[in-house]
Amino acid sequence: MSEHKPETRLIEAGRRREWTHLENGGGIVNPPVWRASTILFDSVADMQAAEPPRMGTLQYGRSGTPTSWALREALTELEPGAAATHLYPSGSGAVAAALLAVLEAGDELLMVDSTYGPTRALCNTLLKRFGVTTRYYDPLIGADIASLIGDKTKAIFLESPGSLTFEVQDVPAICAVAKERGLATLIDNTWATPLFFPAIPAGVDLSILACTKYIGGHADLMLGSVTCTEPFAQRLQQASKVLGQTASPDDAWLALRGLRTLDVRLRRHEENGLKVARWLKDQPQVAQVLHPALPDCPGHEHWTRDFKGATGLFAFVLDGGDDAAAARLIDSLELFGIGYSWGGFESLVCPAAPTRTASTRDWAGPIVRLHIGLEHPDDLIVDLAAGLARYD
Ligand SMILES: *Cc1c(COP(=O)(O)O)cnc(C)c1O
């Protein structure tokens, strides 16, 4: 682990000389795209020496090439105290592999109620079929999570802030309880990335990213990662291998390219997002702005204490009206694309319909989620003002 500051590690990490330089001299800055299925060996002995698969030794395409190793090493470097990172063809694939690495039949999983929809679906279908029960908990439960832990509880899954509703969790308090009771902790850290919230130093065992979002940063790749501590490295490696998980070298290369500018992009997303969020807060049609860096957001005090920044994704609650009126508002915006996903350079908007179990809250009106991109925020505000002026 480099002693350098995170901004410097972003630039240095994964650029090993042997992945960028020719043996007889000369090199390039970025590891190139190594596409491979078959790896050729000089002898049976060399073939046998490549077992078991490990970073830095070519074995078979599925075990990676310098392109994916560089990204894995870089993501590990961003989480002080982490031992390893594995890649997956999507963020959802990463969530599934991490949970399958930790759980077994008969276990109970404590899952945050504000989790990403497909993660909830995984728990309620496949994990259930394989004998894992899921109990949903209030994102703001904090250390009281202790009261939900039973004989069968094996792991706690966090996502902070929560998908669609942005509750910021007390991650250190929950992880402290988990450590005391011998439970594994997993976090979906896609919103903050390790740059704004290093999850492993906060006590998390497995930190999951949809690299599709801010790591890629240009809305043109699908990729996921899990970074874990030493005690979980073996299980994660084994689960990833037997599940046949691997990532395309082209997507790994694009993600590595995106990673180098993550710091400057996130800081501009933060600045633009806050400007739009603060403006929205003062509009009569808006009941509440759910932005972790603003006091109206549930768990805001945890954001202030634990995070190094805010990114460009947040939501606002309309004051009255219905889904059809919210859809008209969304349709009328010119600078905001209508679409799933987020984390690219461009602004996006979508209706947010939280599906909850335990901690359902009543909202004043429909919720709209915004991803604020790198456009000038004043242009975005003009666009939103025109849409809100027509809101009825
Ligand atoms: C998008 C997203 C995922 C899933 O990532 P994909 O690459 O789209 O599968 C997981 N968690 C969160 C919070 C996300 O926003």
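Buried means under 20% relative accessible area, exposed means over 50%, and partly exposed lies in between (1.4 Å probe, protein chains only). The model is predicted: local features need pLDDT of at least 70, side-chain atom pairs count only at pLDDT 80 or more, and totals for chains, interfaces and linings use all residues. Residues are numbered from 1 along each chain as its sequence is written, and side-chain values use heavy atoms, with hydrogens and water left out.

**View 1. The largest nonpolar core has 117 residues.** A nonpolar core is a set of buried Ala, Val, Leu, Ile, Met, Phe, Trp, Tyr and Cys residues joined through side-chain atoms within 4.5 Å. The residues with the most contacts inside this core are L109, Y137, L259, L280 and L370. Helix α5 (residues 91-102) gives the largest share, eight residues; helices (H or I, at least four residues) and strands (E, at least two) are DSSP runs numbered from the N terminus. At least three core residues come from each of domain 1 (6-260) and domain 2 (263-389), with bounds from an automatic or database domain assignment.

**View 2. Strand β2 (residues 108-112) is largely enclosed by the rest of the structure, because five of its five residues are buried.** E108, L110 and V112 point one way from β2, while L109 and M111 point the other way. β2 pairs in the parallel sense with strand β3 (residues 133-137) over five bridges; pairing requires at least two DSSP bridges between two strands. L110 has R135 as its bridge partner in β3. From β2 the chain crosses through helix α6 (residues 117-129) to β3 in a right-handed β-α-β crossover, meaning that, with the strands pointing away from the viewer, the path from the first strand over the helix to the second runs clockwise. Strand β4 (residues 153-159) also pairs with β2 in the parallel sense, over four bridges, and its F157 stands opposite M111.

**View 3. D250 and R35 form a salt bridge, with the closest N and O atoms 2.8 Å apart.** A salt bridge is a side-chain nitrogen of Lys or Arg within 4 Å of a carboxyl oxygen of Asp or Glu. D250 lies in helix α10 (residues 249-259) and R35 in the loop between α2 (17-20) and α3 (44-49), 215 residues apart. D250 is partly exposed at 29% relative accessibility, whereas R35 is exposed at 61%.

**View 4. D378 and K275 form a salt bridge, with the closest N and O atoms 2.8 Å apart.** D378 belongs to helix α14 (residues 377-389) and K275 to helix α11, 103 residues apart. K275, at 40% relative accessibility, counts as partly exposed.
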